[in-house]
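Here are my notes on the model you sent.

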Amino acid sequence: MGRMGFSPKHACLTDEKDPNRQKITNLTSCLLVSCQLNLHCEVRPPFSSKFPLPFFPSLPIGTKATKMSTAFSAANFSTQSFPLNHTSTTSHDSPLVFAKPTSQFLRSTRKLRLSSSSKLNLNRRSGTVVAVSDVVKQKKSKSTPTLLITKEEGLELYEDMVLGRAFEDMCAQMYYRGKMFGFVHLYNGQEAVSTGFIKLLKQQDSVVSTYRDHVHALSKGVPARAVMSELFGKTTGCCRGQGGSMHMFSREHNLLGGFAFIGEGIPVATGAAFTSKYKREVLKEADCDHVTLAFFGDGTCNNGQFFECLNMAALWKLPIVFVVENNLWAIGMSHLRSTSDPQIYKKGPAFGMPGIHVDGMDVLKVREVAKEAIGRARRGEGPTLVECETYRFRGHSLADPDELRDPAEKAHYAARDPITALKKYLTENNLASDAELKAIDKKIDEVVEDAVEFADESPVPPRSQLLENVFADPKGFGIGPDGRYRCEDPKFTEGTAHV
Amino acid sequence: MAVIFQGVGAAAALASSPSNSFDSNKSVFAPRRSFSVRKGASFAVVRSDGTVNLNPKDRRAQLLISNAVATKADSAAASSSSKPGHELLLFEALLEGLEEEMERDPHVCVMGEDVGHYGGSYKVTKGLAKKFGDLRVLDTPIAENSFTGMGIGAAMTGLRPVVEGMNMGFLLLAFNQISNNCGMLHYTSGGQFTIPIVIRGPGGVGRQLGAEHSQRLESYFQSIPGIQMVACSTPYNAKGLMKAAIRSENPVILFEHVLLYNLKERIPDEDYICNLEEAEMVRPGEHVTILTYSRMRYHVMQAAKTLVNKGYDPEVIDIRSLKPFDLFTIGNSVKKTHRVLIVEECMRTGGIGASLTAAITENFNDYLDAPIMCLSSQDVPTPYAGTLEEVTVVQPAQIVTAVEQLCQ
């Protein structure tokens with residue numbers, strides 16, 4: 001949920017000018033409380049095993065939770081009752097009110113939101129958190145909506161998302177034409193998460209991803225040519241053709257992979273964050289405030305490495321953000337069928353860090369949440385767990401027939417395409433014209449075409465490359481019977497040495 | 001070692017240079033024969049029957065003595081004042097090596113369970129947390145997979161971590177990270193990221209520690225591409241290998257042994273390292289090549305005494321580098337003696353001995369007068385009962401019998 005106890009536009013948490021607002025003294029408590037509030041105030045209808053309903057937009061504003069849950073109680077569950085029946089578990093709270101996320105992006109009118117938020121004020125148990133909408137209401141005039149981004153930022157976000165989408169579509173084409181092989185996992189539909197987070201980073205910040213890493217690489221700045229070449233297995237690829245789709249690395253852009261096993265990258269991300277803290281505290285590089293982002297999916301959140309790293313990151317207050325791209329499916333395993341408590345963001349506070357849920361189809365909401373989480377990490381306040389509700393429009397990989405998911409569910413999320421939504425926002429708020437956006441589309445098409453051409457024309461790795469890069473210090477291949485190190489053997493550089 | 005070390009005297013002829021003390025960075029490809037030659041037993045606490053005495057009272061006594069000696073190089077203790085270098089126990093040698101490297105390079109850090117405030121379960125990191133702080137000597141929660149992965153991530157981003165597995169067997173939980181990331185990441189990233197990590201810990205069969213604490217992980221890790229494995233067996237090579245491993249750009253797994261931590265030896269005061277890829281000539285000989293490593297070295301040396309009395313002249317090589325094998329030292333020995341006996345602590349199936357047998361057969365088959373004999377531990381989970389545990393591992397008597405059989 002994108003609702004947080006602070007204004008999306010103002011990074012500063014306290015506002016002296018507003019006497020009506022109680023100061024937010026501490027973002028951690030604020031986020032923790034907001035997380036609790038998420039439980040109490042946010043409508044989370046019981047999940048249907050067939051069709052997990054959306055948490056946002058299409059629900060009428062201001063609808064009470066009780067109404068919501070009865071509407072869905074007739075849903076077809078095949079498993080035991082889900083733990084999300086708010087009306088019974090949170091009876092000690094005041095009646096639940098559906099509080100809308102504050103971004104203006106997909107909301108309808110402010111008027112309705114204001115009325116719901118004032119109810120929210122009364123119902124809230126803790127007074128330290130103020131809904132964003134309240135702040136917005138008090139600070140801005142009612143006629144002009146507050147914009148979350150400038151024109152440049154908007155175009156940057158748009159271009160990045162379109163690049164991600166166009167690139168992935170081209171990957172699918174190339175795969176079916178036999179230019180790339182193996183397991184290729186496409187990111188269509190999830191662009192808002194990658195763009196929303198990574199575009200806020202500096203070059204020295206690190207990103208760790210999973211096998212669904214093409215778009216993370218592109219967002220981080222790895223040239224499309226390098227990624228496409230890598231996918232084609234050419235020597236000009238970012239990993240010299242040795243990694244492939246699931247192992248995108250870039251030292252220059254601090255992309256620490258690309259991991260094939262889920263959860264495997266999370267400890268590596270924790271290590272990168274540890275280095276950042278170490279540099280600051282032991283090596284006394286006082287300005288080292290590098291942040292690490294770890295991206296992974298809902299399936300990974302049942303994996304031990306996830307929990308172990310949440311513990312260590314919170315324990316040592318590492319500058320890391322754990323970003324869960326919850327697209328509800330782990331190949332064919334629905335998140336609801338595999339997880340005892342599907343609300344992943346709740347697992348953050350269990351380890352002492354804030355847990356936030358955000359609409360991952362909305363790049364502006366993601367960006368707002370990301371700003372705070374990354375800011376927290378940079379200030380040394382520790383890790384954050386951000387659960388992005390998102391969806392992949394294609395199957396798990398290009399080998400997945402994707403027959404298990406309900407077409408209605410797919411249609412529902414297709415209607416919330418993040419690129420379409422951002423386009424609408426930009427044009428409606430006069431940040432960009434259709435022509436400018438079309439120009440960007442065209443430019444990206446050219447970039448992707450160029451990447452394919454470049455990859456096609458690049459050479460395949462020669463045999464001599466086989467034994468390179470196995471060891472950073474090739475003495476590790478040992479000493480041969482003739483007394484020389486194996487790497488001194490002339491056949492070694494031909495790739496035919498016996499090692 | 002002290003003899004060679006001083007660089008003067010007859011023993012200098014055996015070593016091409018004071019080879020163990022150079023900075024490996026200066027000469028990329030080190031002289032091949034940088035080994036230590038031992039003419040006679042020079043280990044103080046290895047008894048005449050070759051066993052390592054772990055009687056607690058004895059150990060404490062040894063500790064007291066070693067402390068008295070190790071703190072001052074020119075101590076007034078009777079036998080040590082005239083010789084150069086200083087005497088210490090193997091775990092202290094590891095500690096010394098680690099401490100020196102941490103002083104030399106601020107990027108070197110330690111991670112593991114109980115390495116900080118507790119000083120390490122085997123005291124290898126004793127006092128380091130007080131000296132270098134809690135972040136440089138990090139006490140981790142019990143999450144081997146994750147903190148090993150964390151070490152790998154830290155290594156990728158510029159640090160040089162030394163990850164301790166409290167017992168090597170615990171690193172089975174870290175197999176995912178060690179195999180997939182530690183070993184392979186340099187390759188799959190096209191050489192962009194190096195992982196200068198050292199993973200170390202005690203393994204091997206101890207004194208009735210039970211099956212799970214008595215595992216030999218070298219056999220499980222040996223197939224992982226991209227890593228190096230070394231096993232230390234004396235205080236001298238423990239310190240040398242520790243330092244070399246930390247300085248290496250490759251990921252190195254350093255295998256220590258639970259029963260060897262209290263070995264005492266006099267080691268040089270100067271800075272030295274032991275080459276990671278080289279084997280150590282323990283006892284030159286003519287009749288048979290005995291290849292061994294870690295604790296079995298002492299069983300072999302004990303058997304060697306018996307063999308010498310019976311008229312045999314075994315050549316004993318401590319292979320030290322479990323991956324890759326030093327085929328030069330091994331090959332020269334095979335070419336000289338034509339008979340090979342491998343004595344290892346790994347299980348019969350798929351152990352280091354099995355790989356070594358294959359490597360020697362492939363490379364030196366023409367030089368062999370007899371099939372290679374490999375003495376390994378039994379393929380059983382190590383039993384608790386002392387009598388059974390004793391027969392699980394190779395004993396000196398079996399080594400004597402095997403040599404006699406080989407040399408017929």
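1. The contact between the chains draws 56 residues from chain B and 57 residues from chain A. Contact here means heavy atoms within 4.5 Å. Chain B and chain A bury about 4700 Å² between them, with 62% of it on carbon and sulfur atoms. Buried area is the accessible area (1.4 Å probe) that two parts lose on being put together, summed over both.

2. Mind the basis of these values. This is a predicted model: local features need pLDDT of at least 70, side-chain atom pairs count only at pLDDT 80 or more, and totals for chains, interfaces and linings use all residues. Residues are numbered from 1 along each chain as its sequence is written, chains are lettered from A and ligands numbered from 1 in the order in which they are written, and side-chain values use heavy atoms, with hydrogens and water left out.

3. How many salt bridges cross the interface of chain B and chain A? The rule finds zero. A salt bridge is a side-chain nitrogen of Lys or Arg within 4 Å of a carboxyl oxygen of Asp or Glu. Polar contacts do occur: 23 residue pairs between chain B and chain A, both at pLDDT 80 or more. (A polar contact is a pair of N or O atoms within 3.5 Å; within protein, one must be able to donate a hydrogen and the other to accept it, and residues adjacent in sequence count only if both atoms are side-chain atoms.) Several elements of chain B each supply at least two residues to the side that touches chain A, among them strand S2 (108-112), helix H5 (144-156) and helix H11 (327-337). H5(B) gives the largest share, eight residues.

4. Chain B holds 14 helices and 14 strands. Helices (H or I, at least four residues) and strands (E, at least two) are DSSP runs, numbered from the N terminus. Of the 408 residues in chain B, 62% are buried. Buried means under 20% relative accessible area, exposed over 50%, partly exposed in between (1.4 Å probe, protein chains only).

5. Look at the open sheet of chain B. Five strands run in the order S9-S11-S10-S13-S14, with mixed pairing. Strands pair if DSSP finds at least two bridges between them. S9 (280-283) and S14 (373-377) of chain B are the edge strands. S10 (288-292) and S11 (314-318) of chain B run parallel, joined by five bridges. Leu291(B) stands opposite Ile317(B) in S11(B).

6. Across the whole structure, the search finds 45 salt bridges over all chains. One of them pairs Lys443(A) with Glu159(A), closest N and O atoms 2.8 Å apart. It links helix H17 (434-457) to helix H6 (151-176) of chain A, with the two residues 284 apart. Lys443(A) is partly exposed at 40%; Glu159(A) is partly exposed at 25%.

7. Salt bridges that share partners join both residues into one network, including Glu96(B), Arg104(B) and Asp271(B).

8. Gly165(B) sits in the loop between strand S4 (160-164) and helix H6 (175-183) of chain B. Gly165(B) is buried, at 1%. Beyond its neighbours within four places in sequence, its contacts are Leu171(B), Arg200(B), Gly201(B) and Pro202(B).
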